[in-house]
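Subject: Structure handover

Hello,

Here is the structure you will be working with. Please open it next to this email and follow along.

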Amino acid sequence: MSESDKEKQKLYYPSPELATTARVKNMEEYKKIWKHSVEKPREFWAEEAKMVDFFTPYKEVWTGSTDDDFVGKWFTEGKLNVAYNCIDRWVEKGFGDEESLIWMGEDDTIKSYSFSQLKDEVSKAANALKSLGVKKGDRVCLWLPMISELAIIMLACARIGAIHSIVFGGFSAESVKDRIDDSECKVLVVADEVKRAGKAKPMKINLKGIIEQCPSIEHVAVVKVTGNPTYEYEKDVDFSALMATQSADCPCEPMDSEDVLFILYTSGTTGKPKGVVHTTGGYLVYGMSTNKYVWDYSCLLDLKGAEPKDRDVWYCTADIGWITGHTQIIYSPLALGAKTVMYEGTPTWPHKGRFWEICQKLGVTHFYTAPTAIRALMKYGAEEVNKWDLSKLKMLGTVGEVCNWPEWKWYWDVVGKGTGGEKPVGRPIVDSYWQTETGSYMMVNFGSITPMKPGSCTFPFFGCNPVLLNEEGEKINTPMTQAYFAYDMPWPGLMRTVWGDHDRFVSTYLTKFKNHYFTGDYAQIDEKGYYFILGRSDDVIKVSGHRLGSAEVEAAINSHDAVAESAVCPYPHSMKGSTIFAYVTLMSGVEGNEELKTDIVKHVRAMAGPAVKPEVIMFSDALPKTRSGKIMRRVLKAIALQGDIGNVMTLANPEVVQALVDERAKLGEIKF
Ligand code: PRX
């Protein structure tokens, strides 16, 4: 075994002082509570739900049956409001002047909102939405950059019971349209422009010719970021001006525990993104519970002996357009009464140490990012980190994909200041495994106490019971054996349905293995019970931790005039984890050349957004298909990697394989 292999397989320990103030003191206690949580979930979740203020108490913790109603209903008939729990209750308890959301702009502007100020801003935005006719249950689409208004308007929706559907700012206007149409949003909130790396970039103008085709939209609410003139539409409303004239008094709508809080679209195996539906009570309890135990930060719910003003500072670097931003920047930390940081810009502008500068400036104690960001930063070396005073940092974390050894080690050594030796000790790296669908973490180490193994998301969170299954649904107990990753019981934060398509929800997640939630991932367990995620078993590609459906990318490529057909597969990328390798069959008579490749890439970016970029395009006369016409992606992946192609007997057209292999050989070695 090489030195690095040995290091990789060691256990790494959190700094021991963290355990002295931890909410769960040690691994024995963790195991005991976990056992109780899966044996008596109703008792466990009833205890956790005490963190939430209900206007009307709930009747039952969970009603469902694993047979035909796997997810069931949580905290039935309880009435509550998420914005109330995130904001108003802290004001009512006398913490109105304490900091809540700390927003920092690219230009260094800091807007630190006290709970009272946040309440006023959110109420004004809520009244502004109401003045546009938005009522409880209406859908509001938010397509915004990481400006403070994004946080404020999402909380405003929660306040009045409107359902927000946030679309990542890096997606295209076409994707916004698809999402608006699917859930029939009444209002679209958009920024005039975006600030990116010191420049103003257009945003609203991209809607020209597209928003006119969204019949459900009654108003386009424009948030002024730069105030520069942009394309105007007859349904436009100056939302910044409208907000400024509103009263700061707006009651919180009592919502049923099972009322929808938000829809968030995510990629699936078909071209149409799925509207993942999260509801009010269960989502809130689950998000709070996971954050409280895993990170152990001091917050108004439990000050752990700190003065309110000296609470820990939580910084999650995700974009609010993803589930991580929803759960980990806004809802869970605010409901716990934490100080939560939101940053407008990118990690490398105006300089390569921007994240670390923010940590120093705002006194960040808990820092949560993605492996792709770590890979991007580690190439600039330790100097960029060491320039800054990170002495306040207590815990680090990652999400979105496997944190592989090189980036894990760098994070541990350089940011975590961890030791080496037989029993390495340092700032813990929380490896959190979860999905848009699951509301918050299902596998995760408890930062203060869990011994870590690089690349492993360790053990289940309370109330989650993971199982490894083979194709027949039988349990696999052999260590280091790849298996399907599923859960045999529900938890409160699990999605309830796919918006407008409950059958799709059932068939995607609950059918492959009866009485189980299937994640779509492969995983394995080692002899000590540590879980390792091995990647997707379906056609989802992860680029920079972002989830892209193959079918969606292919639809964007296919809409180019010169393209007859395409198929994409993941290809390794040193920064992004994976990138997109596209096989493209052209219309007859069209010649494939470099210029056309560039044009296809440009077209895809316009159709699907800048986050979607096929970095390799290979023209091919045909694609390998089964007799039923299904593209055999396994073969395409193998050809792209120049690996073993395996059995091609089931192909309807095995002869295309050799042609593709030859074509691939012409491209030579491709390294990103
Ligand atoms: O494949 C798993 C991977 O990301 C998928 C979920 O993606 P998304 O819904 O975009 O949510 C990402 C942020 C919550 C999973 O099915 N994934 C997520 N976290 C990890 C991970 N893979 C390995 N380790 C993780 N910690």
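Below are the notes on domains, helix packing and a few local features.

This is a predicted model: local features need pLDDT of at least 70, side-chain atom pairs count only at pLDDT 80 or more, and totals for chains, interfaces and linings use all residues. Residues are numbered from 1 along each chain as its sequence is written, and side-chain values use heavy atoms, with hydrogens and water left out.

Domains

The chain is divided into domain 1 (3-83 + 280-465 + 487-513), domain 2 (113-256) and domain 3 (540-667). These bounds come from an automatic or database domain assignment. The centres of domain 2 and domain 3, taken over C-alpha atoms, are 36 Å apart. Across their interface, 7 residues of domain 2 are in contact with 9 residues of domain 3. Contact here means heavy atoms within 4.5 Å. The size of an interface is often given as the accessible area lost when the parts come together. Domain 2 and domain 3 bury about 480 Å² between them, and 61% of that is on carbon and sulfur atoms. Buried area is the accessible area (1.4 Å probe) that two parts lose on being put together, summed over both.

Helix packing

Two packed helices are described by the angle between their axes and the distance between the axes. Axes are lines fitted to C-alpha atoms, for helices over the stretch in contact, and angles run from 0 to 180 degrees between N-to-C directions. Helices (H or I, at least four residues) and strands (E, at least two) are DSSP runs, numbered from the N terminus. Angles under 35 degrees count as roughly parallel, over 145 as roughly antiparallel, 65 to 115 as roughly perpendicular and the rest as oblique. For residue classes, Ala, Val, Leu, Ile, Met, Phe, Trp, Tyr, Cys and Pro are nonpolar; Asp, Glu, Lys and Arg are charged; the others, Gly among them, are polar.

- α10 and α11 (323-336): the angle is about 85 degrees, with the axes 9 Å apart. The two helices are therefore roughly perpendicular. From α10, Tyr283, Leu284, Gly287, Met288, Asn291 and Lys292 meet His326, Thr327, Gln328, Tyr331, Ser332, Ala335 and Leu336 of α11. That contact has 6 nonpolar, 6 polar and 1 charged residues.
- α13 (371-378) and α15 (405-415): they pack at about 70 degrees, axes 9 Å apart. So α13 is roughly perpendicular to α15. Pro371, Ile374, Arg375, Leu377 and Met378 of α13 touch Pro406, Glu407, Trp410 and Tyr411 of α15. The classes are 7 nonpolar, no polar and 2 charged.
- α19 (633-640) and α20 (655-667): the angle is about 30 degrees and the axes are 9 Å apart. That makes the pair roughly parallel. Val635, Leu636, Ile639 and Ala640 in α19 meet Val657, Leu660, Val661 and Arg664 in α20. Here the count is 7 nonpolar, no polar and 1 charged.

Local features

Most residues other than glycine have a negative phi, and most peptide bonds are trans. Tryptophan 349 and proline 350 are joined by a cis peptide bond, with omega about 5 degrees. Proline 350 sits in the loop between β18 (339-343) and α12 (354-362). Serine 544 has a positive phi, near 50 degrees. Its place is the loop between β28 (540-543) and β29 (546-549).

Leucine 303 lies in the loop between α10 (281-295) and β17 (313-316). Leaving aside neighbours within four places in sequence, leucine 303 is in contact with Ser298, Pro308 and Arg311.

Best wishes
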